[in-house]
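Colleague: I would like to go through the terms used for this model and hear the grounds for each. Please set the value against the cut-off each time.

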Amino acid sequence: MYRTKTAVSRAQALVPSRRSSLLLTQSAAALPGPVRSSFSRIPLNALRPLARHFSSTGVFRYTSADEAALAEIRGPREVMEYDVVIVGGGPAGLSAAIRLKQLAAKEDKEINVIVVEKGGEIGAHTLSGACIETGPLDELFPDWKEQGAPLNQPALEDHMKYLTANHAFPMPHPPQMNNTGNYIVSLSNVVKWLGEKAEELGVDVFPATAASEILYSDDGSVRGIATNDAGVDKSFKPKDSFTPGMELQGKLTLFAEGCHGSLTKGLIRKLNLREDGKFQTYGLGIKEVWEVEPEKHTPGKVVHTMGYPLDYETYGGGFIYHMEDNKVTLGLVVGLDYKNPYLSPYREFQRFKAHPFVSNLLKGGRVLSYGARALVEGGLQSLPKLFFPGGALIGDTAGFMNVPKIKGTHNAMRSGILAADSAYNAIVTQGQGEDAPIVLSEYEEAFKNSQIYKELHEVRNIRPSFHTSLGIWGGMMWSGLDTMLLKGRVPFTFQHKDPDYAMTKPAAMYKPIEYPKPDGEITFDILTSVSRTGTNHAENQPVHLRLADASVEVKKNLPIYAGPEQKFCPAGVYEYVDDDANPGHKRFQINSQNCIHCKTCDIKDPSQNINWTVPEGGDGPQYVDT
């Protein structure tokens, strides 16, 4: 079992600094399994190992005088060198790491791989529906059942419903949403299992380690990442617990940060990886896991809904998946290109649960967990260039989710496998990376010949078809025609209209939405839900939600858009409160401790004034069974 952040912090004092990874591995080999495996679960800053050889660098990139002053106090950072550095311990990153080690073992070669994950443990920040396809897992571990992978409940029946305010009507089921052969899982548990398998293969897996900076060589190529400093107060001053960050340099860096990664968004802009006029579009998925009464539970039942509670202008839908052990995972996905600034995705989710079709299932049950995260919905036409000198983008970082399927895990894992195959060929087979940066063009070619591309090309026109003046009705008509008959075989590709933040209209065009009060049984206030995420952030640290201009929210977002931040955030992070220093006026308050790392604020803020950055490694939600 992976250590929690508390357990890790206790371990930090026991780990001498500057002990090499090799010595740690050799010493640990004689230890009992549970103790041995815990070595790579200690935060990277605490180990401070020398993976290949030790060197220092004085090259830093900072965005404020406070950070620059901290850098001067810290001095040069220690450096660890690897063949492949992977940022993000989710399905894509772990699949890539596992594949690299499997290829090396098959040929009796060596390749050094590290995975860094900002969550307190592997799987802590992973949240999905999830009803997953097992193809990529079959490829990595053909005997995953025998190895105890936590895929316990096969999908056995599919249903599609159109909801009105009080009724649920059956709808034709699109072929892409057929779940025969799939499994209803807790993706966080699956990712934990993948993390254990990666460790067994020799991957250095470091949770509670936040990548905060991309390192560039003089020629502009990516040469790795730096982790953030730990033990810094909110004024960027070192505390007694100060631990400098480290540089992880690699022949290749694979970015697997998930949706709208904090490093990837800057990388795409800096290296011009996306064509002018192209952009990603997103959804916000909000979910809960319930334990329901046994007589209401139908193991393997999969239900998707359209319609209520969303209006005809707003893309989205609900899902209800019956897991094992009387557990049900249910949620609502809302396209973040919605127009009405008064709309609250969180409160729409409460209305979804209050619908008789859903509430009858939940009555008498209890909530086990809650969570939310942004989803990539742009499809093929929103993909950036997948490679660049020194690295590549994989998984949701690139944007491989199949929206009509409401699935992305299989494509994320498959992209990790494709990137790993190309990386292994470049580093081990061809011996690249010693004198010049590796350009992984083979990966993009492999993608274009893969099942991922075939899937995304076939459904490329479905999501943008909802942008017409006919709203959801036009999208439903085109989607039915395209999925049933055309299957993407048309000589054109619809484009997305505008970025999600630009789709938000002034509040003067809409009436405020009156949402019902939560009943405390089926529906809940937002802070009660946040308490079920296990989220935690050290209070005395730099706020990780950065404003480019501290006055924009009050001067622009509040008067023009009615303060949309306090509505689109599913964790109660943002508030407009009375300004005691300026009676009769409001001030903008950020409750960063509540943040569950969904990235919605960075995406939907109409002024694009909020920049989501990583807090200290290990902070954030501690998701369970999500």
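Colleague: Is N272 buried or exposed, and what makes you call it that?

Modeller: This is a predicted model, and the label follows from the area. The relative accessible area of N272 is 62%. Exposed means over 50%, so N272 is exposed. The residue sits in the loop between helix 9 (264-270) and strand 15.

Colleague: What is the phi of N272?

Modeller: Phi is positive, about 50°, although N272 is not a glycine. K487 also is not a glycine and has a positive phi, of about 55°. K487 belongs to the loop between helix 15 (471-486) and helix 16 (526-531).

Colleague: Why is K487 called partly exposed?

Modeller: Its relative accessible area is 30%. Buried would need a value under 20% and exposed one over 50%. The 30% of K487 falls in between, so partly exposed is the term.

Colleague: Why is E117 called buried?

Modeller: E117 has a relative accessible area of 10%. The limit for buried is under 20%, so E117 is buried. Its place is in the loop between strand 3 (113-116) and strand 4.

Colleague: Which residues does E117 touch, leaving out those up to four places away in sequence?

Modeller: They are G88, G89, G90, I122, H125, F206, P207, A208 and T209. Contact here means heavy atoms within 4.5 Å.

Colleague: What makes I86 buried?

Modeller: The relative accessible area of I86 is 0%. That is under 20%, so I86 counts as buried. I86 is part of strand 2 (residues 77-87). Beyond four places in sequence, its contacts include V113, I114, V115 and V116, and also L254 and A256. I86 and L248 are 162 residues apart in sequence, and their C-alpha atoms are 9.7 Å apart.

Colleague: How do you know which strands pair with strand 15?

Modeller: Pairing needs at least two bridges. Strand 15 has 10 bridges to strand 19 (residues 366-376) and 9 to strand 18 (residues 327-335). Both counts meet the requirement, so both are pairs, and each is antiparallel. As examples, E291 has R366 in strand 19 as its bridge partner, and I286 stands opposite L332 in strand 18.

Colleague: Why are strand 4 and strand 5 called edge strands of their sheet?

Modeller: The sheet is open, with 3 strands in the order 4-8-5 and antiparallel pairing. Strand 4 (131-132) and strand 5 (153-154) each have a single partner strand, so one side of each lacks a neighbour in the sheet. Strand 5 and strand 8 (residues 183-184) are joined by 2 bridges. At least two are needed, so the pair qualifies. Q153 stands opposite I184 in strand 8.

Colleague: Which peptide bonds are cis, and what are their omega values?

Modeller: One joins G129 and A130, with omega about -5°. Another joins Y308 and P309, with omega about 10°. A130 lies in the loop between strand 3 and strand 4, and P309 in the loop between strand 16 (301-307) and strand 17 (316-322).

Colleague: What lines the second largest cavity?

Modeller: The lining has 14 residues, and C569, V573, C595, C598 and C601 lie nearest the centre. By class, 11 are nonpolar, 2 polar and 1 charged. The cavity holds about 80 Å³ of space. The structure has 3 cavities of 30 Å³ or more.

Colleague: Where does pLDDT stay under 50?

Modeller: Residues 1-41 stay under 50, with 66 contacts in the model beyond four places in sequence. Residues 48-62 are also below 50, and that stretch has 57 contacts beyond near neighbours in sequence. Where pLDDT is low, predicted coordinates should not be read in detail. For the chain, the mean pLDDT is 89, and 90% of residues reach 70 or more.

Key
Residues numbered from 1 in each chain as written. Predicted model: local features only at pLDDT ≥ 70, side-chain atom pairs only at ≥ 80, totals over all residues. Heavy atoms only, no water. 1 Å grid on protein atoms, 1.4 Å probe; cavity = no way out; pocket = protein on both sides within 12 Å on 5 of 7 lines; lining within 4 Å. Points joined across faces, edges and corners; volume = space filled by probe spheres on them. Nonpolar A, V, L, I, M, F, W, Y, C, P; charged D, E, K, R; others polar. pLDDT = per-residue confidence, 0-100. Helix = DSSP H or I, 4+ residues; strand = E, 2+ residues; numbered from the N terminus. Buried < 20%, exposed > 50% of the residue type's maximum accessible area, 1.4 Å probe, protein only.
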